[in-house]
Amino acid sequence: MRTIQTSDIIDAVAKMCVSSNTELPADVRAKLEKAMAEETSPSAKEVLRQLLENADLAFDTKLPLCQDCGLAVYFVEVGDEVRIEGGNLRDAINEGTRKGYADGYLRKSACDPLSRANTGDGTPAVIHFDFVPGDKLKISYMAKGGGAENMSRVTMLAPAQGWEGIKKFVINRVAEAGPNPCPPTVIGVGIGGTFEHAAKIAKRGLLRKLDDVHPDPDIAAKEKELEDAINALGIGPMGLGGKTTVLGVKITMEPCHLASLPLAVNVQCHSQRHEEVIL
């Protein structure tokens, strides 16, 4: 049994919140640079240039990549040989979030759904726990801004609609979203499970690197098919037209009830702010 102190968890989470909001991931930068080199639209090239310049300024000044620093979302894998000492794991993650959003001068966007009263500290975070073998604690953080999250959808298709129904829904969702999620976006697609689980696995897919390839060749081909079809829409960076509407599509597929075909589309903005730490 391995013991992890809550103080270490708080510090690690706080650092992730700050760095994720101020440092563009290397795989995202590479995709933006590639897109700028391949774009033929002057307006699209200029938007991509400005996004890269913005990333440089954020890194140099340690100011956020975007004023919407999102709602803090975590996927946590707890090893079965891990013992948390000094307090509760959920409380430690929330405390780390409070510390990070305060230390990094990040906008706090958590509020009451009806009164809209701000909680004032960026919490409570949305935390998904999973228990795995081993003596490690893996915490993955994602900043989910309102513009992209608002464009996400869950639906229950008829099984007979199959892949063609899935493809149509995903493409239509991105087309209807238009410029609202600040494209070029990253699209997480969750297929299977139940109503709520499809949404969870769609979001979890956004933690993957943009340059990875799905280990299942069939799913990898479907990701490429969706990416090409979405980019053919011509929405382009910030909706001004161009070849680059999405930077990547990430599919997660799990078994579902034989009478159902749950489908979720989770949209993430161009900054693709996420990071992980293993303790």
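**Reading the cores and the surface**

Analyst: This is a predicted model. Start with Y74, which touches V13, M16, C17, I93, T97, A125, V126, I127, H128, I139, S140 and Y141, leaving out residues up to four places away in sequence.

User: What makes these touches count as contacts?

Analyst: Contact means heavy atoms within 4.5 Å. Y74 meets that with each residue named, V13 and Y141 among them.

User: Which residues touch the most other members of the largest nonpolar core?

Analyst: I9, Y74, V76, L137 and I139 do, in a core of 26 residues. At least two residues each come from α1 (6–22), β2 (71–79), α4 (89–103) and β5 (137–144). The largest share, six residues, is from α1.

User: Which residues does the second core include?

Analyst: M151, I166, I171 and I219 are included in that separate core of 24 residues.

User: Why is M156 called partly exposed?

Analyst: Its relative accessible area is 41%. Buried means under 20% and exposed means over 50%, so M156 falls in between. M156 sits in strand β6 (residues 153–157).

User: How do you know where the annotated domain lies?

Analyst: From UniProt: an unreviewed entry lists "domain: Fe-S hydro-lyase tartrate dehydratase alpha-type catalytic" at residues 11–277. In the model, the end C-alpha atoms of that span lie 11 Å apart, and the span is 40% helix and 24% strand.

How values were computed. Residues are numbered from 1 along each chain as its sequence is written. This is a predicted model: local features need pLDDT of at least 70, side-chain atom pairs count only at pLDDT 80 or more; totals for chains, interfaces and linings use all residues. Side-chain values use heavy atoms; hydrogens and water are left out. Helices (H or I, at least four residues) and strands (E, at least two) are DSSP runs, numbered from the N terminus. Buried means under 20% relative accessible area, exposed over 50%, partly exposed in between (1.4 Å probe, protein chains only). A nonpolar core is a set of buried Ala, Val, Leu, Ile, Met, Phe, Trp, Tyr and Cys residues joined through side-chain atoms within 4.5 Å. UniProt positions are given in the numbering used here, feature names are shortened, and annotations may be inferred rather than shown by experiment.
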